[in-house]
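The sequence and the structure come first, and the description follows.

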Amino acid sequence: MTTDDSAAVEAIVNEFAADRSRLLDIVEAVQRRSGYVSDEAVQAIAMGLQIHAVEVEDMISFYAFFDRHPRGRIRIRLSKTPVSFITGANDVARAFEAALGINIGETSADAGFTLQWTSDIGMADQEPAALVNGIVLTKIKPDDVPAIVAALRQHDDLALARHAIANAVVRPSLVQAGPLLTGPFDHGAGLRYALALAPDQVIEAITASKLRGRGGAGFPTGTKWRLTRKSKGQEHYVACNADEGEPGTFKDRVLLSDFADLVFDGMTIAGYALGARHGLVYLRGEYAYLWEALQAVLKTRRALGLLGSNICGHAGFDFDIRIQLGAGAYICGEESSMIESLEGKRGAPRDRPPFPTERGYLQQPTAVDNVETYVCAARILEKGAAWFQGYGTAASSGTKLMSVSGDCARPGVYEVPFGITVNELLDLVVAADAAYVQVSGPSGQSVAPKDFGRRIAYEDLSTGGSTMVFGPQRDVLGIALQFAEFFVDESCGWCVPCRVGTTLLRQGMQKIVAGRATLADVTETEALANTVMRMSRCGLGQSAPNPILTTMRSFPELYEARLQPGAFAPRVTLQEALAEAVEVQGRQPVAEEV
Ligand SMILES: Cc1cc2nc3c(=O)[nH]c(=O)nc-3n(C[C@H](O)[C@H](O)[C@H](O)COP(=O)(O)O)c2cc1C
Ligand code: SF4
């Protein structure tokens with residue numbers, strides 16, 4: 001590292017006031033400047049923060065977007081999901097390999113390009129998609145690739161290259177707005193109503209609306225806010241989970257790009273209700289392209305007096321929001337991992353209790369809520385709890401944003417009332433011949449046509465919103481294998497049941513998909529899946545077996561058809577063998593299911 005480089009790293013560390021909790025930002029800035037984080041940079045960062053270099057190394061090794069060794073100046077990351085593959089991602093990959101003269105996973109000899117796969121980048125409705133040094137390319141066709149590569153070679157300045165690439169556009173994704181996303185919208189409308197109430201009354205309004213978290217788990221938001229408010233701490237924090245890493249979901253991207261003001265309004269309302277002065281948005285690294293626009297919205301809100309000191313003239317209510325960029329780790333969507341990452345550490349999940357409501361960011365009470373949850377909160381304060389409860393079902397009030405992709409004519413984001421059936425949703429997106437729907441992403445449920453009458457609601461098919469539709473021509477078990485691979489890639493490696501278990505599950509599925517498995521192999525895979533589900537430390541490992549177990553339950557005939565020909569005749573049926581899975585899932589088999 002030259003003297004110039006050392007000075008640059010030192011300047012970066014100082015830009016973040018040599019604050020240990022900003023290590024993620026510091027490393028991100030070094031990576032952006034140099035393309036990797038050298039040994040010398042690690043030492044300089046450690047010295048600047050007065051921590052051990054091992055701590056810096058450890059953190060860097062956790063995140064997919066950081067490198068310890070030089071890679072290509074231009075980094076092409078192709079989105080790897082079942083939806084990208086059915087829309088032609090493999091052909092696009094071959095076209096990039098041909099145009100660059102390298103294979104996936106390689107860097108060109110002149111260090112100009114690195115080509116690789118990455119997990120879903122949040123563009124499932126416009127796949128095949130890719131990230132090129134943070135620039136999003138969508139709907140790439142193999143024929144587009146030579147022109148993309150030529151533009152990247154021609155322009156040193158990627159901002160210029162971007163204008164020369166027709167695919168460098170994120171298309172509007174909102175297909176159907178409902179009451180939540182229908183205007184008129186007035187800056188700070190919900191916040192003004194909130195400030196007319198006492199903080200406790202704001203929490204009461206949220207509780208009365210029966211709002212439940214939109215990130216997947218469905219925890220009652222009013223309860224979470226009440227617990228956070230009553231927890232003692234020097235500070236209280238409001239955190240917005242914008243990690244949106246579940247393959248197939250992109251509704252938070254739409255909210256952040258088209259309705260950011262509502263998101264920030266909800267966060268500010270939470271700040272008032274909880275007695276917090278600081279809000280944090282954890283924005284997934286894949287959405288870095290939204291950074292400037294989000295900062296502009298924050299700036300406007302400050303100018304309008306909707307952030308800052310004495311907000312809306314309310315003496316003593318000070319609140320502002322900082323955006324933290326993530327660095328490519330699905331586990332950082334899990335709330336305790338997200339908090340670790342916000343503190344500039346590896347995103348390893350924490351043991352709970354204590355829950356974040358008690359000890360979250362910097363060990364202070366923290367409410368972590370999903371992007372959509374904050375939008376709901378803002379609208380509830382503006383329009384009232386009764387208005388919100390007027391939509392949905394008794395146990396699932398309001399509407400839900402569904403991200404729909406795959407084999408359907410109209411992919412995109414749909415705002416639908418809770419209680420809608422899978423069939424009704426399929427009609428909306430025009431997917432008449434759907435043969436399999438993956439609800440709530442890989443960690444959710446694999447639903448067969450016989451279950452398309454089930455409802456999207458916390459009391460039936462609970463979902464964060466990801467909905468991948470597959471037609472009869474798709475290989476259901478092959479897709480389950482891709483999900484198994486996703487969890488191998490994304491396991492944080494902390495606990496054995498998940499680290500080893502996900503790898504063994506992938507092996508089991510590989511054998512099944514290849515037609516080399518006997519019934520004994522299938523039952524062994526199922527037993528292992530149950531063990532991983534029971535024994536894993538956090539939600540990632542606990543839900544990783546879902547695609548395997550739920551495809552076994554929904555499509556037993558497909559597993560039976562794949563059994564090794566000529567293997568010993570099964571003495572039990574697959575349905576019998578799956579009894580344990582059904583028990584663990586907590587749902588009794590019904591006649592039409594088995
Ligand atoms: C592996 C894993 C990934 C998660 N990813 C997200 C995510 O990307 N966005 C999100 O809001 N919640 C995610 N969650 C759920 C969060 O832990 C948490 O429940 C949620 O942010 C709470 O917000 P809510 O109550 O508004 O839903 C994830 C959970 C797990 C176990
Ligand atoms: S379950 Fe997986 S992701 Fe969670 S702590 Fe264990 S290894 Fe990490």
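How many bridges join strand β6 to β9, and in which direction do the two strands run? In this predicted model, five bridges link β6, which covers residues 237-242, to β9, and the two strands run parallel. Across this pair, cysteine 240 stands opposite aspartate 369 in β9.

Both strands belong to an open sheet of four strands, arranged in the order β8-β7-β6-β9 with parallel pairing. At the edges lie β8 and β9, each of which pairs on one side only, and neighbouring strands of the sheet are turned against each other by 20° on average when direction is ignored.

| Helix | Residues | Strands touched | Angle between directions |
|---|---|---|---|
| α2 | residues 23-34 | β7 (278-283) and β8 | about 50° with β8 |
| α13 | residues 260-274 | β6, β7, β8 and β9 | about 150° with β6 |

The remaining part concerns serine 446, which is placed in strand β13, a strand spanning residues 445-447. Is serine 446 buried or exposed? Serine 446 has a relative accessible area of 2% and is therefore buried, since buried means under 20%. Its side chain makes a polar contact of 2.8 Å with the side chain of glutamine 438. When residues up to four places away in sequence are not counted, serine 446 touches Tyr436, Val437 and Gln438, together with Pro547, Thr550, Thr551 and Ser554.

Methods: Residues numbered from 1 in each chain as written. Chains lettered and ligands numbered in written order. Predicted model: local features only at pLDDT ≥ 70, side-chain atom pairs only at ≥ 80, totals over all residues. Heavy atoms only, no water. Buried < 20%, exposed > 50% of the residue type's maximum accessible area, 1.4 Å probe, protein only. Polar contact = N/O pair within 3.5 Å; in protein donor to acceptor, adjacent residues only side chain to side chain. Contact = heavy atoms within 4.5 Å. Pairing = 2+ DSSP bridges. Axes fitted to C-alpha atoms, helices over the stretch in contact; angles between N-to-C directions.
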